[in-house]
Amino acid sequence: MKKIAIAATTLALIASTIAGTPAANAATVPASKATVLAECSKIGEVAKGRGADGSDLKCGTATVGSMQGKKVWLYPTLPALASVDVVIPNKLTSGFGGFGRAIADALKAEGLSKTEPVLTEKALTYNLTLDYFNKELAGQAGKLGVTGFAQVSGAYTTRSATRPSAGVGAARMMAEYEAIAVKADSKYTTIESLIADLKANPKGMTIVGGNVGGIDNYTAAQLFDALNLGIGQMSYVANQGKVPASLLSDAKYAFGISGYADFAPFVKAGTLRILAVTSPKKLADVAAPTLVSKKLDVVVENWRGIMLPPGTSKTKGRNLVIRALDVVTHSKSFKDYLVSQTAFSNFLPGDDFQGWLKSNEAGIKKLLINVGLL
């Protein structure tokens with residue numbers, strides 16, 4: 001087990017860069033629409049039930065963090081954690097590692113950790129990382145477990161005896177959305193034209209995406225399901241990490257599926273075209289429609305979130321973490337991280353996250369069965 005403290009100098013730099021955010025002319029937000037860190041107008045005014053855990057927010061002057069000195073909606077008591085150990089179920093250099101570090105950085109920058117946050121790297125197979133978190137850490141306070149689509153899928157493929165949902169859900173925090181792309185000179189200029197041919201000849205249209213059972217494969221399966229096409233008709237080729245290059249170099253691929261961020265540089269260069277994205281709403285600065293807007297029930301998120309160990313008290317331990325993560329998701333530090341990753345906030349706390357996670361697990365299990373991995 002490898003523990004790395006967040007460097008004090010790095011955190012000091014983060015704190016110094018967020019001191020003047022956000023825009024000085026931001027409009028105040030009334031109590032009926034209050035969110036934590038949003039600017040308010042009347043000191044002492046209460047926003048009933050507007051906290052992420054159902055508690056109240058109160059208009060006050062922030063004494064720490066990115067809104068220091070400003071009149072904003074706050075939790076009456078700063079939701080500071082006695083200790084923070086962010087458990088990464090992969091390498092620190094992985095996507096999970098970067099997300100975990102961003103959480104730790106934001107907690108520190110907003111004054112929400114009473115001690116220096118720690119990152120614990122567990123670069124093991126997902127069955128072992130889940131055993132560690134759900135069994136060895138059961139009941140322990142201050143342990144924030146990073147989770148996401150890859151861990152859910154990996155729990156099944158490694159035949160784990162436990163699932164991410166066996167823990168106590170704190171919050172879903174972010175999403176990276178998938179995209180459907182073609183070469184810039186493809187005959188397909190709209191998602192409708194591509195779908196028309198796909199419905200007419202599903203086996204004849206080869207798709208390139210990431211690993212079998214992964215997020216790209218899941219997106220393809222959801223698309224086929226929405227079109228009432230059997231998954232057995234799908235011609236899917238896995239080329240992990242090389243989807244844009246494969247699409248550009250091999251004419252056999254009708255289209256590619258990958259994270260929007262993977263395609264973005266090629267779209268900017270004029271070599272690829274995005275036909276649609278899997279977000280629930282249109283993405284700002286992305287010149288492509290959602291599949292939902294085309295009457296296709298396909299919303300796919302490569303999501304990440306935070307779990308707490310089994311046995312964590314909901315009324316005390318979990319709700320305190322939910323309030324802290326609510327502040328994190330509205331902080332400049334975390335927002336800057338999302339921009340750097342071409343990712344988006346999809347904050348969903350507590351019981352809502354727990355229920356959504358179980359549904360996500362069921363959907364991924366169905367995919368893995370259909371593609372023969374279970």
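The largest pocket of this predicted model has a volume of about 750 Å³. Its lining comprises 39 residues, of which Asn211, Ile215, Asp216, Gln240 and Asn302 are the closest to the pocket centre. A pocket is here an open set of points on a 1 Å grid over the protein atoms alone, with protein on both sides within 12 Å along at least five of seven lines; a cavity is a set where a 1.4 Å probe fits but cannot get out, and lining residues have an atom within 4 Å of a point. Volumes are the space filled by probe spheres set on the points, which are joined across faces, edges and corners. Among the elements that give two or more residues to this lining are helix H2 (95-109), strand S8 (168-183), helix H6 (215-226) and strand S13 (301-308), while H4 gives the most, with five residues. Helices (H or I, at least four residues) and strands (E, at least two) are DSSP runs numbered from the N terminus. By class, the lining has 16 nonpolar, 17 polar and six charged residues; Ala, Val, Leu, Ile, Met, Phe, Trp, Tyr, Cys and Pro count as nonpolar, Asp, Glu, Lys and Arg as charged, and the others, Gly among them, as polar.

Residues are numbered from 1 along each chain as its sequence is written. Local features need pLDDT of at least 70 and side-chain atom pairs count only at pLDDT 80 or more, whereas totals for chains, interfaces and linings use all residues; side-chain values use heavy atoms, with hydrogens and water left out.

The second largest pocket holds about 320 Å³ of space. Tyr218, Gln222, Val299, Val300 and Asn360 lie nearest its centre among 13 lining residues, and H6 and H11 are the elements that give two or more residues to this lining.

Helix H11 (residues 350-370) has 21 residues and spans 31 Å from first to last C-alpha, close to the expected 30 Å, which is 1.5 Å times one less than the number of residues.

The structure holds one disulfide, defined as a pair of cysteine sulfur atoms within 2.5 Å. This bond joins Cys40 to Cys59, and both residues are buried.

Note on methods: Buried < 20%, exposed > 50% of the residue type's maximum accessible area, 1.4 Å probe, protein only.
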